[in-house]
Amino acid sequence: MDADNEAKGKVSGQAKQNPQALAAVQDKIDSVSHNASIMDSLPKSVKRRVNALKNLQANNTHIEARFYKKVHELERKYSALYQPLYDKRRNIVSGEVEPTDEECEWQSDHEDEAALAEDLKKKAAIEEKTEDANEEKPKGIPEFWLTIFRSVDMLSDMLQEHDEPILKHLQDIKVIFSGPDQPMSFTLEFHFDPNKYFTNTVLTKVYKMKSEPDAEDPFSYEGPEIIDCEGCEIDWLKGKDVTVKTIKKKQKHKGRGTARVITKQVPNDSFFNFFNPIKVSPDKELDEDSEYTLATDFEIGHFFRERIVPRAVLYFTGEALEDDESFEEEELDEGEEEELDEGEEEELDECEEEELDEGEEEELDEGEGEELDEGEEEELDESEEEVSSLYTF
């Protein structure tokens, strides 16, 4: 019983620090008594050897933590190599740089010019020149990041109509990794051009990570995990803060009976609440809604880092969304197979029950038939005797 209570307390502490740990709470609690029963059933000499294996496992987690530190160092090193490409992407998106004809050549599955006849190619070139002459020349790639926000479900869920004019000014998103002598973390930087909504040119969100195994529960270590995040203050211009809305309320004086109208600011749904996350305190337990919000925030930060920033153009065109959907379909197919197997088992059980019911009915019918035949024969014999007596002189 003490072991169960100790495990529950330990897991509860982890849940406070990291809402993502909540998913494993029940499994850990359920496994404690099972593990204890196994150890209790072992001879003392075997228990000693099992404890030795556990020490080896603990050492393994510390080596694994060193491995992930090296991975973080590699990420930081290669981010410096990626950055010139991302800088050029930003310059093209903003219109500061016009790519060369050679840089713009791309063999598309949908536009295979090599397959066109020579005369069609000439005709297409003439039409293209005519269109270019009549077409307005937009600067860069308008609404590049806003299009991505609209396309990705995880981001579009946060996006409100009043956010869109602001996000048209978003020029770049960067991922900055913590330095070698700093605690493990990464920072998302959202770069905006000058606008009429706020004075900031960069909005930041820092995600703090835990890279070492828990001293009390080293076997729960599965690599670095986000444990906290910190936003930034947005310097909104007067009347432009979309994270709040002004409402009017009527107040009635109890004594005099007079009424007055007051205005009050209340929170408003907006993507820009992303920069004002829930504060995590080790001394205060979060409610269920706050835990869910924080876990979702961690997931979004990770998605920006791992998917959106490195593959932005593919989310703009929708190609990355197709890859994500294909992956989801594969998972769905596996789930459908499992459901199908369960369904087949249920159908099999139903068939067995039906066969059993039919068999019981047949046996019942046969039994009733036998009983009925015997009864009918007895009644017939008695009737024949009565008729015979009537005709006896």
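A residue is called buried under 20% relative accessible area, exposed over 50%, and partly exposed in between, with a 1.4 Å probe and protein chains only. This is a predicted model, where local features need pLDDT of at least 70 and side-chain atom pairs count only at pLDDT 80 or more, while totals for chains, interfaces and linings use all residues. Residues are numbered from 1 along each chain as its sequence is written, and side-chain values use heavy atoms, without hydrogens and water.

Phe 271 is buried, at 0% relative accessibility, and Phe 149 is buried, also at 0%. How are the rings of Phe 149 and Phe 271 arranged? Their centres are 5.0 Å apart and their planes at 90°, so the pair is edge-to-face. Rings of Phe, Tyr and Trp (its six-membered ring) pair if their centres lie within 6.5 Å; planes under 30 degrees apart are stacked, over 60 edge-to-face, the rest tilted.

Phe 149 and Phe 271 belong to one aromatic cluster, whose members include Trp 236 and Phe 274. Lys 205 lies over the face of Phe 274, 3.5 Å from the ring centre. For a charge over a ring, NZ of Lys or CZ of Arg must be within 6 Å of the ring centre and within 35 degrees of the ring normal. Arg 305 has its charged end over the ring of Phe 186, 4.9 Å from the centre.

Now the serine. Ser 94 is buried, at 12% relative accessibility. Setting aside neighbours within four places in sequence, Ser 94 is in contact (heavy atoms within 4.5 Å) with Lys 139, Gly 140 and Gln 171.
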